[in-house]
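Colleague: I have the file open and a few things to ask. Can we start with the charged side chains?

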Amino acid sequence: MTIQLASLTSESLIMLDASFEDRVSAIEALCDRLEHSGKLHDKQKFLEAVMTRESEGPTALGESLAVPHGKSEAVKEPVFACALLKDELAWQGLDGDEPVTMIFLLAIPPAQAGSTHMEVLTTLTSSLVEDEFRELLMRAKTPEQVMCLLGGDEAEITGDETEQGDPSAGELLARDYSDKAYPLVLLVGVILVLILFFML
């Protein structure tokens, strides 16, 4: 069964309309969120793990998405923080720097690196390669809406799109993207995940 992304994050770990000078400041800000939410034993140790991973290879996956991540004993439980950016930020990709507007920072304990890590990456990539999903995510006005899109309680969604009665937006917000992803999307997601995994 596909993992529910919303179960690995919370409203306090979601940043909307964020702006950063560079990827280091973005990673540090997301690490701060994880620390303040009580998800880390040692923020500095986890930050060092993430930056070490960044130095080993690209974590921008195309489609405006970056997935920096770290495996460390400093992580209490599998979790991720995310930032949806106001402006594009240059991030290291397979073919050099590329613009990103969505950053998902994954924090994984070493004991779950081969299971939860892969499952989260697969689910993220297979969902975020969908244009409609990305558009809805970037239009989210509140962390609650982001949580809904990631698999949370659909009844909590509020916002201009739904209040104005846009049927296509309402239908998309209610969709379970993990289950509806068609084979091509899943294939692309799995390929991206495998590339990232083998570079760890």
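Colleague: Is arginine 23 buried or exposed, or in between?
Modeller: Arginine 23 is partly exposed, with a relative accessible area of 23%. The cut-offs are under 20% relative accessible area for buried, over 50% for exposed, and partly exposed in between, with a 1.4 Å probe and protein chains only. This is a predicted model, where local features need pLDDT of at least 70, side-chain atom pairs count only at pLDDT 80 or more, and totals for chains, interfaces and linings use all residues. Residues are numbered from 1 along each chain as its sequence is written, and side-chain values use heavy atoms, with hydrogens and water left out.

Colleague: What does the side chain of arginine 23 meet in a salt bridge?
Modeller: Glutamate 54, at 2.5 Å, N to O. A salt bridge here is a side-chain nitrogen of Lys or Arg within 4 Å of a carboxyl oxygen of Asp or Glu. Arginine 23 sits in helix H1 (residues 23-36) and glutamate 54 in helix H2 (residues 43-56), 31 residues apart. Helices are DSSP runs of H or I with at least four residues, strands are E runs of at least two, and both are numbered from the N terminus.

Colleague: And glutamate 54, buried or exposed?
Modeller: Glutamate 54 is buried, at 2% relative accessible area.

Colleague: How many salt bridges does the structure hold?
Modeller: Six. One of them pairs aspartate 32 with lysine 43 at 2.6 Å, N to O. That pair also links H1 to H2, with its residues eleven apart. Aspartate 32 is partly exposed at 27%, and lysine 43 is partly exposed at 25%.

Colleague: Which residues join into a network through shared partners?
Modeller: Asp32, Glu35 and Lys43.

Colleague: Changing topic. How many aromatic pairs are there?
Modeller: One. Phenylalanine 80 and phenylalanine 104 are tilted, 5.7 Å centre to centre with 50 degrees between the planes. Rings of Phe, Tyr and Trp (its six-membered ring) pair if their centres lie within 6.5 Å; planes under 30 degrees apart count as stacked, over 60 as edge-to-face and the rest as tilted.

Colleague: Where do the two phenylalanines lie?
Modeller: Phenylalanine 80 is in strand E5 (residues 79-93) and phenylalanine 104 in strand E6 (residues 96-108), so the pair ties together parts 24 residues apart in sequence. Phenylalanine 80 is buried at 1% relative accessibility, and phenylalanine 104 is buried at 1% too.

Colleague: Last one. How many residues of H3 are buried?
Modeller: Eleven of its 13, among them His117, Met118 and Leu128.
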